[in-house]
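Work through the exercises below with the sequence and the model open. Try each task before reading its solution.

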Amino acid sequence: MHKYIIFQAESGEDEGWRQRKLQHSQALTFIIAENWDSSNEPIPEPGYRPVEFVRVESEHDPQEHAHNTHYRVSDWEVVRVQTYTPDIPTPMSEYDVIVMCYCRYNPIESPLKPMPKRQVSIDSFGGDEIAYKQYLESEEGKKYAQSI
Amino acid sequence: MTNNDPNRWLRYDSERDISRHSATHPQKCRDMQKKYGWKLIDIEEIENKYIFQVDCVFKGKTEFPNYVEEKEEE
């Protein structure tokens, strides 16, 4: 089942609205996070908290990190869930269900965990076996150059 | 997951933290999520781009075996 899950700030929630903007247009948005879920996990229920990503500037290494360096359980908590199903079923529709999770700001103590190591596979190249092999060869070449 | 399942070599454990895969385009994150039945929770642009443009962040421990080695073993 393909689920598109949107976490939005519940109306009336005042926390951080100035920082929530669509970068390309600078338009304010209520969206806190988006998830695309084809796993067997059930849809979120009230009490669920999404994962939040954090950039600790002093620990950011551009070789290792994209934007964020850490993650934690979010301060936003789901209070209300609504689901929407398409008129036409998948695969004609992109998703089997769209899940709107309305959240309130309810800070908790949760530890910062470092982002895991990157993995690379043939799917990183959209299944392009030649590109993947070239990448592996270039990595081997780098290792060899470092060893001499 | 049975031995006949073509994706049997993939490991997915939703209880175990998160995992990160690099990709050359954000759409490839969504393709991986759909193809392998994963939960995509973040897509981030890589600042220091070389080959890869984005990191795809998935819920749970998602792992691939070494595709090339597996193929050569067959």
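**Exercise 1. Which residue of chain A stands opposite Lys39(B) in β2(B)?**

Solution. 
- Step 1. Go to β2(B) and find Lys39(B). Asp37(A) stands opposite this lysine. Keep in mind that the model is predicted.
- Step 2. Look at the strands on either side. Strand β4 of chain A, residues 31-37, is joined to β2(B) by two bridges. The two strands run antiparallel.
- Step 3. Check the pairing rule. Two strands pair if DSSP finds at least two bridges between them, and two bridges join β4 of chain A to β2(B).

**Exercise 2. Describe the fold of chain B, element by element.**

Solution. 
- Step 1. Count the elements. Chain B has two helices and three strands.
- Step 2. Starting at the N terminus, the run is β-α-β-β-α.
- Step 3. Turn to burial. Chain B has 74 residues, and 42% of them are buried.
- Step 4. Turn to contacts. Take those in chain B with a separation of 6 or more: 63% join residues 24 or more positions apart.

**Exercise 3. How many salt bridges link chain B and chain A? Examine examples.**

Solution. 
- Step 1. Side chains of opposite charge can pair when their charged atoms come close.
- Step 2. Count. Seven salt bridges run between chain B and chain A. Over all chains the count is 18.
- Step 3. Take Asp55(B) and Arg118(A). Their closest N and O atoms are 2.8 Å apart. Asp55(B) sits in strand β3 of chain B and Arg118(A) in strand β10 of chain A (residues 118-119), so this pair joins two chains.
- Step 4. Asp55(B) is buried, at 0% relative accessibility. Arg118(A) is partly exposed, at 23%.
- Step 5. Look for shared partners. Glu41(A), Lys39(B) and Lys59(B) are joined into one network by salt bridges.
- Step 6. Take Glu94(A) and Lys34(B). Here the closest N and O atoms are 3.4 Å apart. The pair crosses between chains, from the loop between β7 and β8 (97-105) of chain A to helix α1 of chain B.
- Step 7. Glu94(A) is partly exposed at 43% relative accessibility. Lys34(B) is partly exposed at 35%.

**Exercise 4. Which parts of chain A does the pair Arg80(A) and Glu10(A) tie together?**

Solution. 
- Step 1. Confirm the bridge. The closest N and O atoms of Arg80(A) and Glu10(A) are 2.9 Å apart.
- Step 2. Place the residues. Arg80(A) is in strand β7 (residues 76-84), and Glu10(A) is in the loop between β1 (3-9) and β2 (21-22), so the bridge ties together parts 70 residues apart in sequence.
- Step 3. Compare with the cut-off. Buried means under 20% relative accessible area. Glu10(A), at 17%, counts as buried. Arg80(A), at 33%, is partly exposed.

**Exercise 5. Is Gln33(B) buried or exposed, and what does this residue touch?**

Solution. 
- Step 1. Locate Gln33(B). The residue lies in helix α1 of chain B.
- Step 2. Read the accessibility. At a relative accessible area of 5%, Gln33(B) is buried.
- Step 3. List contacts, leaving aside neighbours within four places in sequence. In chain A, Gln33(B) touches Trp36(A), Asp37(A) and Ser38(A). In chain B, Gln33(B) touches Trp38(B), Leu40(B) and Phe58(B).
- Step 4. Link back to Exercise 1. Asp37(A), a contact of Gln33(B), also stands opposite Lys39(B).

Notes. Residues are numbered from 1 along each chain as its sequence is written. Chains are lettered from A and ligands numbered from 1 in the order in which they are written. This is a predicted model: local features need pLDDT of at least 70, side-chain atom pairs count only at pLDDT 80 or more; totals for chains, interfaces and linings use all residues. Side-chain values use heavy atoms; hydrogens and water are left out. A salt bridge is a side-chain nitrogen of Lys or Arg within 4 Å of a carboxyl oxygen of Asp or Glu. Helices (H or I, at least four residues) and strands (E, at least two) are DSSP runs, numbered from the N terminus. Buried means under 20% relative accessible area, exposed over 50%, partly exposed in between (1.4 Å probe, protein chains only). Contact means heavy atoms within 4.5 Å.
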